[in-house]
Amino acid sequence: MTNYGTIPTSSSPPINLEYISRAKDVMKEGLGTRRPWKEMFNLHSIKLPSSISDAISRIKTNFSYFQMNYALIVLGIVFLSLLWNPISIIVFIVLMAVWLFLYFLRDEPLVIFNRLISDRVVLIVLAVITLGLLLLTHATSNILISLAVGVVVVLIHAAIRKTDDLVMDEEAAGFLTPSS
């Protein structure tokens with residue numbers, strides 16, 4: 001008897017839902033440090049610094065307070081710079097998935113051919129591969145310029161936003177105090 005037209009009962013291997021759930025938790029935890037955009041762009045908190053030391057102090061305080069927001073701004077600027085180079089966007093997305101899988105979301109050590117690979121080696125290899133692939137897409141100068149623009153935007157915002165209305169948590173405040 002033939003089985004034409006029947007639905008197979010064996011299913012494909014299930015997707016590792018635990019890995020996806022853990023990745024979602026890690027991303028939520030990282031985005032949990034993001035401050036409200038309304039607080040970041042409060043027009044009443046914008047004022048030019050009175051001196052260079054005041055600007056440096058503001059930059060340090062604002063950077064520790066709005067760190068995740070600033071990272072999102074820089075990544076957004078880099079992403080926008082890649083819109084005119086679709087190959088770079090594809091490479092960027094694939095590389096981000098590789099970085100997430102091999103570096104950021106990994107709980108256990110990486111073992112290849114029964115050899116333990118250290119995090120430092122993974123970091124160096126991924127950085128070299130990323131740089132090499134981005135060089136092959138001919139968008140490296142585009143990426144470097146957009147990174148520079150992002151850093152300038154962040155520095156300008158951090159310097160002109162007053163810090164008197166920010167409520168620092170203990171961890172962020174510890175970042176600002178000099179250690180003995």
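This is a predicted model: local features need pLDDT of at least 70, side-chain atom pairs count only at pLDDT 80 or more; totals for chains, interfaces and linings use all residues.
Helix α5 comprises 19 residues (residues 86-104). At 1.5 Å a residue these should span 27 Å, which agrees with the 25 Å that separates the end C-alpha atoms of the helix. The buried residues of α5 are Ser88, Ile89, Val91, Phe92, Leu95 and Trp99. They cover an arc of only 160° around the axis, so they fall on the same side of α5. In an α-helix, with 3.6 residues a turn, residues three or four places apart point the same way. The exposed residues Pro86, Ile90, Ile93 and Phe101 are carried on the face of α5 that is turned away from its buried side. Among the elements covering the buried residues of α5 are α4 and α6 (119-136).

The axes of α5 and α6 lie 11 Å apart, and the two helices pack at an angle of about 175°. Because this angle is over 145 degrees, α5 and α6 count as roughly antiparallel to each other. On the α5 side, the residues that meet α6 are Val91, Leu95, Val98, Trp99, Leu102 and Tyr103. Their counterparts in α6 are Asp119, Val122, Leu123, Leu126, Ala127, Ile129, Thr130, Leu133 and Leu134.

Within α6, Val122 is buried, as its relative accessible area of 5% is under the 20% cut-off. When neighbours within four places in sequence are left aside, Val122 is in contact with Leu102, Tyr103, Arg106, Leu110 and Ile117. Of these, Leu102 is 20 residues from Val122 along the chain, and a distance of 7.5 Å separates the C-alpha atoms of the two residues.

In an unreviewed UniProt entry, the annotation "transmembrane region" covers residues 63-81, 117-137 and 143-160. In the model, the span of residues 63-81 is 95% helix and 0% strand, with its end C-alpha atoms 23 Å apart. Residues 143-160 are 100% helix and 0% strand, and here the end C-alpha atoms are 26 Å apart.

Ser81 belongs to helix α4 (residues 67-81). Ser81 is buried, with a relative accessible area of 14%. Apart from neighbours within four places in sequence, the residues in contact with Ser81 are Asn142 and Ser146.

Note on methods. Residues are numbered from 1 along each chain as its sequence is written. Side-chain values use heavy atoms; hydrogens and water are left out. Helices (H or I, at least four residues) and strands (E, at least two) are DSSP runs, numbered from the N terminus. Buried means under 20% relative accessible area, exposed over 50%, partly exposed in between (1.4 Å probe, protein chains only). Contact means heavy atoms within 4.5 Å. The expected span of a helix is 1.5 Å times one less than its number of residues. The arc is that of the directions from the helix axis to the C-beta atoms. UniProt positions are given in the numbering used here, feature names are shortened, and annotations may be inferred rather than shown by experiment. Axes are lines fitted to C-alpha atoms, for helices over the stretch in contact, and angles run from 0 to 180 degrees between N-to-C directions. Angles under 35 degrees count as roughly parallel, over 145 as roughly antiparallel, 65 to 115 as roughly perpendicular and the rest as oblique.
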